[in-house]
Amino acid sequence: LEPIALMTNIHQAAHAWPEHVVISFGFLYFRYFKLSDNVDSAARTAVLDSAERRWSHCDQEVFIAAVIINPFYRVAPFNNISLTTRAGLAALFTRLWLRFYGGNIPVELLTDLERYLVSSGDFTYMDTYKNSLLARAEITHTPVDALDVWSASSHPGSEPRPLHKIARRLLSICPNSASCECLFSVFGGILTKWRNWLSTENLTCLAELKMYVHEEHVRDEAVKKRLKR
């Protein structure tokens, strides 16, 4: 049950990204597919069938594109499938552009996609910057955001190029409602029976302040850790 528990925690995390969904699905399927037939075959089959059924209900193209557009992964997690050929990727991002923005397909979209995949043009130094963020994250113990890498590969003050627009849209997707549920819990702690005359503006400001202070305490390791069972 460990792979299922890991997958659940990843999907329900407040900082979950859409690419985490794809990779965790693959991890779960790989782990159970590799189990020998004599190890509880009924449970193994049930998990594999459930994973395939749930994945079939997902917006697969969006999730797969989120992995590819993440400079920390690109096409590495996929093993020679038709969708990750040059033609397949061009078709994928063309369809996504039509879904998100409609209208004509910008010529720069496919040009930038080719350059992104081989780290040329505006993306020549993307890997260098990515590695510097990873090195800093190891020292500061903070997560790395793929959007920071894309921001560093754009030209300040200029209109975002088509591939940058798609990257921002895909990498900004929240695959769960954990953040909303956390915010509702904070609201519930502030707006009580004895303090119910707060305006919406004051309630929002207090909630934002409380969450900001909590994030600072977590970053400074001042939050008391939960006891393990």
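Domain bounds here come from an automatic or database domain assignment. For this protein, that assignment gives domain 1 (1–58), domain 2 (64–175) and domain 3 (177–220). Domain 1 contributes 9 residues to its contact with domain 2, and domain 2 contributes 13; contact means heavy atoms within 4.5 Å. The centres of domain 1 and domain 2, taken over C-alpha atoms, lie 26 Å apart.

Some ground rules before the details. The model is predicted, so local features need pLDDT of at least 70 and side-chain atom pairs count only at pLDDT 80 or more, while totals for chains, interfaces and linings use all residues. Residues are numbered from 1 along each chain as its sequence is written, and side-chain values use heavy atoms, with hydrogens and water left out.

Now the overall picture. We have 11 helices and 0 strands. Helices are DSSP runs of H or I, at least four residues; strands are runs of E, at least two; numbering starts at the N terminus. From that end, the elements read α-α-α-α-α-α-α-α-α-α-α. Along the principal axes, the C-alpha atoms fill a box of roughly 60 × 60 × 40 Å.

Next, burial. The protein has 229 residues, and 31% of them count as buried. Buried means under 20% relative accessible area, exposed means over 50%, and partly exposed is in between, with a 1.4 Å probe and protein chains only.

How far along the sequence do the contacts reach? Take contacts between residues at least 6 apart in sequence: 58% of them join residues at least 24 apart.

Charges, quickly. There are 25 positive and 24 negative ones, and their mean positions are 4 Å apart. Lys and Arg count as positive, Asp and Glu as negative; His and the chain ends are not counted. Each charge is placed at NZ of Lys, CZ of Arg, CG of Asp or CD of Glu.

On to single elements. Look at helix H9, residues 162–171. Of its 10 residues, 7 are buried, so by the under-20% cut-off this helix is mostly covered. The buried ones are Pro162, Leu163, His164, Ile166, Ala167, Leu170 and Leu171. What do they pack against? Their partners are helix H2 (18–33), H4, H5, helix H6 (107–118) and helix H8 (146–152).

Asn70 sits in the loop between helix H4 (60–68) and helix H5 (86–100). Is Asn70 buried or exposed? Buried, because its relative accessibility is 1%. Leaving out residues up to four places away in sequence, Asn70 touches Glu19, Tyr116, Ala146 and Leu171. With Glu19 there is a side-chain polar contact of 2.7 Å. A polar contact is a pair of N or O atoms within 3.5 Å; within protein, one must be able to donate a hydrogen and the other to accept it, and residues adjacent in sequence count only if both atoms are side-chain atoms.

Arg74 counts as buried, because its relative accessibility is 10%.

His141 has a positive phi too, near 60°, and is not glycine either. It lies in the loop between helix H7 (126–140) and H8. His141 counts as exposed, because its relative accessibility is 65%.

Further along, Pro156 lies in the loop between H8 and H9. Pro156 is exposed, because its relative accessibility reaches 80%. Pro156 and Pro143 are 13 residues apart along the chain, and their C-alpha atoms are separated by 24 Å.

Back to H2, where Phe25 sits. Phe25 counts as buried, at 11% relative accessibility. Glu221 is 196 residues from Phe25 along the chain, with 31 Å between the C-alpha atoms.

Last stop, helix H11 (residues 200–219), which holds Glu215. Glu215 is partly exposed, because its relative accessible area is 48%. Glu215 and Phe63 are 152 residues apart along the chain, and their C-alpha atoms are separated by 28 Å.
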